[in-house]
Amino acid sequence: VQLQAFGGGLVQAGGSLRLSCAASGRIFSSYALGWFRQPPGKEREFVAGIRLSPGTTYYADSVKGRFTISRVNNTVYLQMNSLNAEDTAVFYCAAGASITAMPRGLVNYWGQGTQVTVSS
């Protein structure tokens with residue numbers, strides 16, 4: 001499985017950004033795709049995940065109501081609104097066999113990181 005992430009960049013506080021991640025290879029409908037992030041000087045943390053079928057979603061409490069994860073076929077999107085400085089991080093796309101395990105960091109594949117910087 002290969003994961004290709006796109007969409008990072010610099011945005012002002014209060015702004016929006018959308019990340020996308022295209023998954024290719026042997027992807028099963030039961031797989032989950034998701035996003036993690038690693039803020040400067042901190043550990044990587046779960047952000048959001050979605051099971052390809054039937055579309056079950058999970059979010060970290062810190063992004064609920066601001067971020068929305070969705071998918072079209074094997075591409076997953078992360079719409080990020082109301083961004084603030086605490087959202088500055090390297091965002092990583094991930095794929096795993098279990099949506100319920102993903103928030104615990106149990107994933108099978110990682111994509112390359114994409115930098116998101118929120119200026120205040």
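**View 1. Asn73 sits in the loop between β7 (67-72) and β8 (75-80).** Strands here are DSSP runs of E with at least two residues, and helices are DSSP runs of H or I with at least four residues, numbered from the N terminus. The model is predicted, so local features need pLDDT of at least 70 and side-chain atom pairs count only at pLDDT 80 or more, while totals for chains, interfaces and linings use all residues. Residues are numbered from 1 along each chain as its sequence is written, and side-chain values use heavy atoms, with hydrogens and water left out. Asn73 is a residue other than glycine with a positive phi, near 55°. Its relative accessible area is 59%, so Asn73 is exposed (exposed means over 50% relative accessible area, buried under 20%, and partly exposed in between, with a 1.4 Å probe and protein chains only).

**View 2. Ser82 belongs to the loop between β8 and β9 (89-96).** Ser82 also has a positive phi in a residue other than glycine, with a value near 50°. With a relative accessible area of 43%, Ser82 is partly exposed.

**View 3. Asp87 is a buried residue in the loop between β8 and β9.** The relative accessibility of Asp87 is 1%. The side chain of Asp87 makes a polar contact of 2.8 Å with the side chain of Arg37. A polar contact is a pair of N or O atoms within 3.5 Å; within protein, one must be able to donate a hydrogen and the other to accept it, and residues adjacent in sequence count only if both atoms are side-chain atoms. Apart from neighbours within four places in sequence, Asp87 is in contact (heavy atoms within 4.5 Å) with Arg37, Arg66, Phe67, Ser82, Val116 and Val118.

**View 4. Thr114 is part of strand β10 (residues 109-119).** Thr114 has a relative accessible area of 12% and is therefore buried. A polar atom of the Thr114 side chain lies 3.2 Å from the backbone nitrogen of Gly8. Not counting residues up to four places away in sequence, Thr114 touches Gly7, Gly8, Leu19, Ala89, Val90 and Phe91.

**View 5. Ser53 and Pro54 are joined by a cis peptide bond.** The omega angle of this bond is about 15°. Pro54 lies in the loop between β5 (45-51) and β6 (57-59).
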